[in-house]
Amino acid sequence: MITCDLLVIGGGPAGISAAVAAGKAGLKVLLLEERERLGGQLTKQTHRFFGSVAERAGTRGIAIIKDLETVVAQLENVEISLSTTALGIYEDGVSTALKSGKMIKIKPKAIVVATGAFEKFLPFENNDLPGVYGAGAVQTLMNIYGVLPARRILMIGSGNIGLIVSYQLVQAGAEVVGVIEASPKIGGYLVHASKIRRLGIPIYPSCTIKKAFGQDRVVGAELVRLDEKWKEIPGSQFTVDCDAICLAVGLNPLIDLLGQSGCQFKYIPELGGQVPIRDESMRTNVPHLYIAGDLSSIEEATAALLEGELAGLSAAKQIRPGQSLEARMEEVKTHLRALRSGPVGEKIRSGLSKLTGEALPTPSPRTNAIDELSRTGIASPANLAGVLPDEKRKKTRAYAVIECYQQIPCDPCVHNCPFGAIKPFSDINDLPIVDFDLCTGCGQCIGRCPGLAIFTVDETRDGDRAKITLPYEFLPKPVREETVDLLDRSGKCVGQGVVKSVLNTPKQDKTTIVTVEIHRNLVQDVRQIRVVQKS
Amino acid sequence: MNDDKTIVCRCEDIDIETIRKLIDQGVTSLEEIKRITRCGMGPCQGKTCGPVIAREIAMKTGQPMEEILSPRSRPPFGGVLFQEVLEGIDDEE
Ligand SMILES: Cc1cc2nc3c(=O)[nH]c(=O)nc-3n(C[C@H](O)[C@H](O)[C@H](O)COP(=O)(O)OP(=O)(O)OC[C@H]3O[C@@H](n4cnc5c(N)ncnc54)[C@H](O)[C@@H]3O)c2cc1C
């Protein structure tokens, strides 16, 4: 029998964070991870994470995990056991796990369960044909094993996962024929939607899949439009050709282990379905049993890291009383509340209020300024007008255009302007506002925005030439003096321009910053370039 | 929709038509459907089909999802060989 103070099950961001917090508080910790490496979902995330800079947002998921691995490795009292699957949590406090062909037994004083989530499935005709994938499988093949799962992919679901995996598929050289969404609005963050729209990927709201075509593999799909009541509109079917269908229709918390332990659950769709009941310190109804991360509610890595820390501290407080951990616990709770305080946190807030029985929080004030954007992923002229400087300022110096119109909990931009020209946030859900008196148009912020929503425009010169600087994350990289295609917000080619500079040092970390000379009339239309393939 | 080509349980290859017929016959709990069809008894242990079947039951009977989805599960999580259990016992004494 192995003994320890704290057993942490699951080595994703939540579990690692719990192990680190408890380890720093002096607990002897054993961290179990089923896979051969730590990281959970982060091991597949090649994009820059949105979220809070304090929780490492702005860097790529794969980089965040390297960082966390280093931190946890430095703690001598935290033992990490990889390729180890937790099998059971028994009433007498003993847990079992499978490691190297042996079922081992562990008797900890407390347990943090952070097993994450699993993907939802969708019933439609022929949904067992080869070529029907979950988004997680697509990411594993593509980003871990370097295998392209298909050439022409239809994405089902426009949440952040559907949008981000679509983007990654294009980076890997595949074509995404469209993203369909049953709801009338795009589910994920609009910056991610805009990012794929300007690559020419259509998004179909109010649309679902009826069937996959094919004999022994997927060759296409039949789609159908939905009305406001989510009923199929007769005669509105249409078909697409594709060789894979990728399901990104949401996640359910992975509660199996908790179900064994006497933990109580509540069905709260806003949090991902059947979720464990827990208090604000991440403690369940079972003594000495804590939870964190996607298992507690489907959210983001920033929340998972904070909840993990909270669970680790709660366990430490219980096992080793007398340490002053409360101050930090309160800080983490405040940070979590702030993270969930904006319009996109409304779902989570309402879910949490069902969990705790608290009165429903007051809804955030609604604006319809982004209604059109949330159907199309394309900013309207009115959206744009709100973020541009006046005509006089446009002529004096280059300037940044931040096309971030939706309040999301994300703050890397504010921390990456050397001139302090992006006004400090009072709330992580604030919209970035550029102080054009301070902005020099230097472009330092461009590569740090996880939404790739920042551009700089230089229209100071006389004549019809102007310059746009934008982020570029595809191969091949353009070279100086090369002529490239100019794409607008919908991916339509609106002209050609000449590349004037390509910034691609380790500091950019593969988000190449490209400056292109274009016609002055196009500066507010061009938001993407395409390298013209030489045949 | 061709219900017999719409798969609900990938592990045991059960289609939605089978499930709907059972519900219409009055078999309206996950446990009973599992015992009749083997839905949920494959490698994924009902993680894929459970929520889908629960929704079917909810739509047809009006029962709340919370009552349909039983969170109770028994160890072990996933499959374990007897040999693996025995190897662990050897370690103890
Ligand atoms: C495509 C995509 C893009 C995303 N982008 C962002 C983003 O930009 N910003 C952001 O903040 N968040 C993002 N997220 C969300 C973020 O990745 C998750 O919220 C976060 O990883 C949840 O952390 P977790 O530790 O709770 O779970 P996971 O990361 O899922 O980790 C759970 C771990 O537990 C292990 N485990 C499960 N069962 C057992 C067992 N029985 N025994 C041992 N180990 C077990 C698993 O192997 C896994 O490693 C994204 C997610 C996806 C899929």
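Trainee: How far is a backbone N or O atom of P13(A) from an oxygen atom of the ligand?
Mentor: The distance is 3.2 Å, a polar contact, meaning a pair of N or O atoms within 3.5 Å. This is a predicted model, in which local features need pLDDT of at least 70 and side-chain atom pairs pLDDT 80 or more, while totals for chains, interfaces and linings use all residues. Residues are numbered from 1 along each chain as its sequence is written, chains are lettered from A and ligands numbered from 1 in the order written, and side-chain values use heavy atoms, without hydrogens and water.

Trainee: How many residues surround the ligand?
Mentor: There are 36, with E33(A) and Q41(A) among the closest, counting a residue if one of its heavy atoms lies within 4 Å. Because the surrounding residues come from chains A and B, the site is shared between chains.

Trainee: Switching topic, what is the strand order in the open sheet of seven strands?
Mentor: In chain A the order is β20-β21-β22-β25-β24-β23-β26, with antiparallel pairing, where strands are DSSP runs (E, at least two residues) numbered from the N terminus and two strands pair if DSSP finds at least two bridges between them. β20 and β26 of chain A each have a single partner strand, so one side of each is left without a neighbour in the sheet.

Trainee: Which residue stands opposite L470(A)?
Mentor: That is V514(A) in β25(A); strands β22 and β25 of chain A pair over eight bridges.

How values were computed. Helices (H or I, at least four residues) and strands (E, at least two) are DSSP runs, numbered from the N terminus. A polar contact is a pair of N or O atoms within 3.5 Å; within protein, one must be able to donate a hydrogen and the other to accept it, and residues adjacent in sequence count only if both atoms are side-chain atoms.
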